[in-house]
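Please open the model in your viewer, with the sequence panel beside it, and keep a selection tool at hand. The stops below are meant to be taken in order.

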Amino acid sequence: MISPSIPKNEKERLAAVEKYQLLETLPEEDYDNITSLVSYICDAPISLITLLDKDRNFLKSHHGVPFSESPREISFCGHAINSNDTITIIEDSRKDKRFFNNPLVTEHQAIFYAGAPLVDSNGFKLGMLCVYDNKPRKLTQEQQKALISMAKQVVNLFEQRYQNFKLQKIQDKLKSRNEDLKKFASVVSHDLKSPLANIISLTELLAYDNKDTLNKESLQYLEYLKSSSYSLRNYIDGILKFYKSDDLIIHKKETVAFDVLMHELKRITDTERNVIFNFQSDVEELTVNRAALMQILINLVTNAIKYNTKSNIIVEVDLRDTKDFYEFSVKDNADGIPQEHLDKIFELFSVVGVADRDGNVGTGIGLATVKKIISNLGGKITVSSKEGEGSLFTFTITKEML
């Protein structure tokens with residue numbers, strides 16, 4: 001018997017094998033389907049997907065034999081990966097000096113062998129897709145082509161597995177980074193909001209205690225300081241809500257009446273009781289992630305109220321139940337959004353530059369948060385608006401995501 005020689009690029013080849021993290025893994029249906037099919041096509045009792053490890057031949061899939069590995073020094077595949085041929089065929093191993101007294105031949109009757117190499121994108125031969133028979137024989141041209149083609153499909157499965165690993169690492173990294181950002185936002189929120197509250201209180205106190213001694217310009221400066229402090233506080237609160245919006249998705253879905261949702265929405269948003277609400281739905285009840293949906297609606301309706309300088313504020317909320325989606329529309333008679341900003345209002349930190357009823361300019365976080373929540377719920381949001389007449393926001397929520 002002659003043991004297989006070691007390829008010159010063995011170190012790099014082994015690294016390529018290990019890259020796919022297939023060694024020591026359990027059988028998988030995708031690979032077993034291939035060996036079963038190859039066994040049928042080649043009319044062979046045994047079909048294997050092998051990976052050449054340092055000292056063994058690991059069988060990722062083994063059709064027709066009970067074991068999952070064998071010593072590399074006696075393997076047929078160890079010889080086959082040293083060949084430059086697209087397929088290695090040994091019609092009768094008993095006549096090949098490399099396999100004289102080989103246990104696979106003498107004990108397991110491995111007489112016939114045909115194998116196509118599993119070559120990765122960098123040209124490394126990872127192992128073989130092979131068939132065995134216990135008698136001398138040949139393969140037809142069609143069978144040989146099928147074996148070569150299926151070997152390429154095995155490598156495709158390897159590559160898909162590797163890409164999935166890479167994507168998972170990216171997802172884990174992004175998740176970790178997002179968690180760090182959430183922690184950072186929380187810390188910043190806590191550390192900044194306390195001194196901001198002090199600034200606001202002291203500004204109000206100074207203005208009140210010195211209203212008779214300070215001139216109009218000085219009092220105006222104090223008002224600017226207070227207004228800026230409120231804007232910064234709102235900015236901090238918005239950042240915190242944006243990074244915590246993903247947490248809303250973990251809330252379980254629940255069935256709730258549309259009228260109950262709208263009553264709650266009105267109670268939260270219409271604090272001064274000066275808004276005319278119109279609600280309409282073609283369903284009485286809907287099954288939703290209530291917390292996430294309310295966050296979306298509250299933000300849209302609050303904007304409709306804040307950016308409305310008309311004496312009569314009107315907000316309409318409609319719901320349509322389609323086959324796969326809940327489709328909501330929020331319409332208002334507010335001041336509208338300038339056309340040049342419509343394409344950017346859902347981008348984080350994108351601001352229109354228009355002040356609300358209290359003279360405050362938005363942070364560009366609220367609508368970005370709305371879009372993020374809707375995307376997490378499998379939906380989309382669109383907007384149409386005309387300055388001076390109002391806006392119409394339409395968004396969907398996928399029922400399967402609820």
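What follows is a tour that begins with the whole chain and then moves from one selection to the next.

**The whole chain**

Begin with everything selected, and bear in mind that this is a predicted model. The protein chain holds nine helices and 13 strands, and buried residues make up 43% of its 402 residues. Of the contacts with a separation of 6 or more, 67% are between residues 24 or more positions apart. The chain exposes about 22600 Å², and carbon and sulfur atoms supply 51% of that area.

Now select Arg72, which you will find in the loop between strand S3 (69–71) and helix H3 (76–80). Is this arginine buried or exposed? Its relative accessibility is 5%, so Arg72 counts as buried. A polar atom of the Arg72 side chain lies 2.9 Å from the backbone oxygen of Asp53. If you display the contacts of Arg72, leaving out residues up to four places away in sequence, you will see a set that includes Pro4, Ile6, Pro7, Glu10 and Arg13, together with Leu52, Asp53, Lys54, Asp55, Arg56 and Asn57, and also Ile81.

Tyr20 is buried, at 1% relative accessibility, whereas Tyr162 is partly exposed, with a relative accessible area of 23%.

**A charge over Phe112**

Select Arg137 and Phe112 together for another such arrangement, in which the charged end of Arg137 sits over the Phe112 ring at 5.1 Å from its centre.

**Two residues with positive phi**

Move to Asn101, in the loop between strand S4 (88–90) and helix H4 (103–106). Its phi is near 65 degrees, a positive value in a residue other than glycine, and Asn101 is exposed, with a relative accessible area of 54%. Then step along to Gln109, which lies in the loop between H4 and strand S5 (112–119). Here too phi is positive in a residue other than glycine, near 55 degrees, but Gln109 is partly exposed, with a relative accessible area of 39%.

**Helix H8**

Finish by selecting residues 290–306, which are helix H8. This helix has 17 residues and reaches 24 Å from its first C-alpha to its last, close to the 24 Å expected at 1.5 Å a residue. Which residues of H8 are buried? Colour Ala292, Leu293, Met294, Ile296 and Leu297, then Asn299, Leu300 and Val301, and lastly Ala304 and Ile305, and you will have marked the buried residues of the helix.

Definitions and conventions: Residues are numbered from 1 along each chain as its sequence is written. This is a predicted model: local features need pLDDT of at least 70, side-chain atom pairs count only at pLDDT 80 or more; totals for chains, interfaces and linings use all residues. Side-chain values use heavy atoms; hydrogens and water are left out. Helices (H or I, at least four residues) and strands (E, at least two) are DSSP runs, numbered from the N terminus. The expected span of a helix is 1.5 Å times one less than its number of residues. Buried means under 20% relative accessible area, exposed over 50%, partly exposed in between (1.4 Å probe, protein chains only). A polar contact is a pair of N or O atoms within 3.5 Å; within protein, one must be able to donate a hydrogen and the other to accept it, and residues adjacent in sequence count only if both atoms are side-chain atoms. Contact means heavy atoms within 4.5 Å. Accessible areas come from the Shrake-Rupley method with a 1.4 Å probe; for residues, only the protein chains shown count as cover. A charge sits over a ring if NZ of Lys or CZ of Arg is within 6 Å of the ring centre and within 35 degrees of the ring normal.
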